[in-house]
Structure formats: C-alpha cells, structure tokens
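Subject: Structure handover

Hello,

Here is the structure I said I would pass on. My notes on what was found in it follow below.

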Amino acid sequence: NSQKNPTSEHQAMEQFCNKIFPNLATNIDDPNWVDGRAILAPTNMEANMLNEMLNSQLPGSSEVMRSADQITNTEDRMHFNVEYLNTLTPSGFPPHTLELKPGIPLMLLRNLNPRQGLCNGTKLIYEGHLDNKVLWCRVSGSERSVFIPRIMFIPKDGGVGWVRRQFPVKPAFAMTINKSQGKYKIIYSLLLRFV
C-alpha cells in the first residue's frame, strides 16, 4: 500500500485474479472452465484472501455452513469456550465457516473413498447441499456427481482436547504451493506477495 493510494494492494490483487479467472461470473457456467486453473499462494492467509475475493465475484448469495466445534476434555471446558475454538483452523482442517456458491471450486481435505477417487487434494465443483447434511459436488474435469458428508476432525497437536465436525473441503480458487504439488497440469503462480 502507498500513502497516496491505500487500496493499491487490493486493486493489484483484483487485477491479478481477473487475469487468471477472467469474466468469472459468466465463465463459471462452463463446467470445464475452472478445470486446470488455480492461483498458488505462499501461505494459507493469502490463499484464503484470494478465495474470498473470487468467491465474492460469483453470482448469487453464499450458503453458509458452520462447523460444530466441541471441547472433549472436561478440564479444558473451564479455560476455553466454543467461540475460541471457532477461530482455530489447524493445518488440514476446514474453516469454521464455509461460504459456498454454486460453481465454486473446492479441495477435498481427507481421503473419503480412494477407490472412487475421493482423496485428499481432489478438486470438486460445488453444486448444492441437502439440508446442510451433505454437499452435492461434481468431480472437476468429469460429469461424476458425489456427496460429501460432514466428518470429525481431531487436532494432532496434543493441546486443547477438542473436535470439529465440518465438511472436509475448502475453497480452491487459490491454494498453497505445498498443497498443489503434482496435482494440476496448468497452474498460474502467485509466488510473491503484492506490496
């Protein structure tokens, strides 16, 4: 950001996104258009910011899916509350709040059914949901529809004893460089932060 134009970083990011995903609101109706497109970001923070920016350009209103977070260790209940757990997103976890619009690309975060190709890193296209209980998605690059249930996520860090029940997906317009390795044929890279 500069003192003369404090929104210059945001504008530069929008211009960059529009180069990778031009006319997003129109082109998202093409089922194969998003296949092979992704922005690589150095950190989860930048990937999340880019995903939010691109999701806001999709037509329609977001369907909000919130996780059910719960403290499992009774001793920890005296020190932590559920609102605190909602702010946490350990590595490999979906966020507490998923804001989804039809057409948004998603990345699967767990191996649900490897025989059917539903593995960690599989790219999906969100179509809708059934009573907030399962997500109806299409596997990117195919016509195959799949249903994604909510599952339990348990942190491995050994800190606060808690679990998150959420859909094992996160938006995938942008992803971290580590998450993308070996997955896509055509990838546009955002390797440096905008200044």
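How many disulfides does the structure hold? The answer is zero. The model is a predicted one, and that applies to everything below. Cys119 is partly exposed, at a relative accessible area of 24%. Cys137 counts as buried because its relative accessibility is 0%, and the cut-off for buried is under 20%.

Overall make-up

The protein has five helices and 13 strands. It has 195 residues, of which 41% count as buried. Taking contacts between residues at least 6 apart in sequence, 62% join residues that are at least 24 apart.

Nonpolar cores

The largest nonpolar core is made of 35 residues. Phe21, Ile39, Leu106, Leu124, Leu135, Ile148 and Val169 have the most contacts inside this core. At least two residues of the core come from each of these elements: helix H1 (8-20), strand S1 (39-41), helix H3 (44-57), strand S4 (97-100), strand S5 (105-108), strand S6 (123-130), strand S7 (134-139) and strand S8 (145-149). Another core, of seven residues, lies apart from the largest one, and Ile71, Phe93, Phe153 and Trp162 are among its members. As background, nonpolar side chains in soluble globular proteins tend to be buried together.

With neighbours within four places in sequence left aside, Leu106 is in contact with Leu100, Thr122, Lys123, Leu124, Tyr126, Leu135, Cys137, Val169, Lys170, Pro171 and Ala172. Cys137, the buried cysteine mentioned above, is thus one of the contacts of Leu106.

The largest pocket holds about 580 Å³ of space. It is lined by 22 residues, and Asn48, Thr89, Pro95, Lys170 and Pro171 are the closest to its centre. H3 gives the most to this lining, with five residues. At least two lining residues come from each of H3, S4, strand S11 (169-171) and helix H5 (177-180). By class, the lining of the largest pocket has eight nonpolar, 10 polar and four charged residues.

The second largest pocket has about 190 Å³ of space. Its lining consists of 14 residues, with Ile28, Asp29, Pro102, Gly103 and Ile125 the closest to the centre. S6 supplies the largest share of the lining of this pocket, three residues. Eight residues of the lining of the second largest pocket are nonpolar, two are polar and four are charged.

Cavity

Searching the whole structure gives one cavity of 30 Å³ or more, and the space in the largest cavity is about 30 Å³. Its lining is formed by Asn44, Ala47, Asn48, Asn51, Lys170, Pro171, Ala174 and Met175. H3, S11 and strand S12 (174-176) each give two or more residues to the lining of this cavity, with the largest share, four residues, coming from H3. Four of the lining residues of the largest cavity are nonpolar, three are polar and one is charged.

Residues to look at across features

Asn48, Lys170 and Pro171 line the largest cavity and are also among the residues closest to the centre of the largest pocket. Lys170 and Pro171 are in contact with Leu106 as well.

Regards

Note on methods
Residues are numbered from 1 along each chain as its sequence is written. This is a predicted model: local features need pLDDT of at least 70, side-chain atom pairs count only at pLDDT 80 or more; totals for chains, interfaces and linings use all residues. Side-chain values use heavy atoms; hydrogens and water are left out. A nonpolar core is a set of buried Ala, Val, Leu, Ile, Met, Phe, Trp, Tyr and Cys residues joined through side-chain atoms within 4.5 Å. Buried means under 20% relative accessible area, exposed over 50%, partly exposed in between (1.4 Å probe, protein chains only). Contact means heavy atoms within 4.5 Å. On a 1 Å grid over the protein atoms alone, a cavity is a set of points where a 1.4 Å probe fits but cannot get out, and a pocket is an open set with protein on both sides within 12 Å along at least five of seven lines; lining residues have an atom within 4 Å of a point. Grid points are joined across faces, edges and corners, and a volume is the space filled by probe spheres set on the points. Ala, Val, Leu, Ile, Met, Phe, Trp, Tyr, Cys and Pro count as nonpolar, Asp, Glu, Lys and Arg as charged, and the others, Gly among them, as polar. A disulfide is a pair of cysteine sulfur atoms within 2.5 Å.
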